[in-house]
Amino acid sequence: MPIQSPHFDPPLSIALVTSQVHPDVDDDDHGLVAALRAHGIESAPRMWNDPSVDWSAFDALLVRSTWDYFQHYTEFLGWYARIAELGTVIVNPLPLLIWNSDKRYLLDLAKLDVPIIPTTLARGVELETALASMSGEVVVKPSVSGGAWHTVRGRVGSAEFQQALASLPRELDYLVQPFMPQIVEEGEWSLLFFGGVYSHAVLKKPGSDDYRVQTYFGGTADATAPNPHILASAQRALQAVAELGHRDQAYVRVDGVVDAGVFRIMELEFIEPFLHLRAHPPAATLFAAQLAQRWQTLRKPEAAEA
C-alpha cells in the first residue's frame with residue numbers, strides 16, 4: 001500500500017548534508033530532490049564542516065554525502081554534538097548515526113547471531129600481534145573508514161603485505177577480516193530499505209584485477225533482485241539493530257556477500273550510503289514519501305505563526 005504523505009504549503013526547508021569531497025547534490029540524488037519538491041519540501045546542499053551554515057534555519061537535516069567524516073572523525077562527532085544542542089531534527093537519528101560511524105558495530109551484530117564476515121578488532125600498535133595467529137589472505141581496514149581508505153589486502157607473512165601494513169597509521173583501530181573471494185567471483189550485494197521497507201538491490205562487482213567494488217576503482221553496480229534468503233538475512237540484521245535500541249531506521253543500505261549459502265553482513269550504511277536511486281527510480285518516490293510522513297509535524301516557527 002502506498003505511503004500517504006502530506007504536501008507542505010508553505011514548503012519545508014531541509015539541508016542535504018554534504019562534504020568538501022562532494023559539496024553539491026550528487027547526481028544519484030537528483031530524483032530524490034524532485035520527489036521531495038513534489039511534497040512541498042525544498043532541499044539545499046550544505047557542507048557539514050562549513051562554519052557559516054546556520055543549521056537552525058532548516059526544518060530538518062538529511063545526511064547524504066559526508067564522504068570525508070572518517071578523515072575528520074573527532075570534528076564530525078563534534079558536529080553531531082552541535083546538532084544535538086540545537087535540537088535540529090536529523091535523519092537518521094543521532095544515536096544510530098554515532099553507533100554506525102564505527103564498524104566495530106559488526107561485533108554487536110555477531111553477538112545477536114547475525115552472520116558477519118569474521119572480524120577481529122585490533123589497535124594499530126597491535127596489528128602484528130593480531131595477525132600472528134592468522135593465515136591466508138586478509139583485509140585490514142580502519143574501524144572508522146570509508147571508500148577503502150587506509151585499507152590493505154594481502155597474504156599474511158608475505159613481504160609485500162608487511163610493507164603495506166607498515167604504511168598504516170598506528171593511532172587508528174583496525175578490523176582484520178579474511179578476504180572473501182566471493183566478492184570477485186560473484187559480487188557484493190547492496191539492499192536498500194526506506195522506513196524499514198525493502199526498496200531495491202544492486203549487485204556490485206569490482207573491475208578487473210581489483211577487489212574494491214567502488215565505481216571510482218572501476219567497479220560496477222547493476223540492479224538485481226535478491227533471492228528470498230538474502231532479503232530475509234538483511235531484514236534479520238536490521239531487526240538486530242532494532243534490538244540494540246535503534247528502532248527508527250529511516251534509510252539504510254545493507255551490504256553483504258553470500259558465503260557457502262550464508263549471507264554475511266559486510267556493512268550497514270545508515271550515515272551516508274550511496275542509494276543507487278538511478279538504478280531503481282521509484283525508490284526516490286518511496287523515500288520522499290517516507291520522509292514527508294515523518295516530517296509532517298515540522299514547521300518553521302514563522303511559518304506556523306503566519
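Predicted model: local features only at pLDDT ≥ 70, side-chain atom pairs only at ≥ 80, totals over all residues.
Start at W79. Leaving out residues up to four places away in sequence, W79 touches V17, W48, W55, L61 and I90.

W79 belongs to the largest nonpolar core, which has 46 residues. Together with L61 and W295, W79 has the most contacts inside that core. Nonpolar side chains tend to be buried together in soluble globular proteins. Who supplies the residues? Helices α1, α2 (73–86), α3 (94–100) and α9 (282–294) each give at least two, as do strands β1, β3, β4 and β9 (188–194). The top contributor is α9, with six residues.

L61 has a bridge partner in β4, namely I90. Both L61 and I90 are also touched by W79. Strand β3 (residues 60–63) and β4 run parallel, joined by three bridges.

Step back to the whole sheet. It is open, with four strands in the order β2-β1-β3-β4, and the pairing is parallel. At the edges sit β2 (41–47) and β4 (89–91), each of which pairs on one side only. On average, neighbouring strands are turned by 30° against each other, with direction ignored.

Helix α1 (residues 30–38) lies across β1 (12–18), β2 and β3. Relative to β2, α1 runs at about 140°.

Methods: Residues numbered from 1 in each chain as written. Heavy atoms only, no water. Pairing = 2+ DSSP bridges. Axes fitted to C-alpha atoms, helices over the stretch in contact; angles between N-to-C directions. Contact = heavy atoms within 4.5 Å. Core = buried A, V, L, I, M, F, W, Y, C linked by side-chain atoms within 4.5 Å. Buried < 20%, exposed > 50% of the residue type's maximum accessible area, 1.4 Å probe, protein only.
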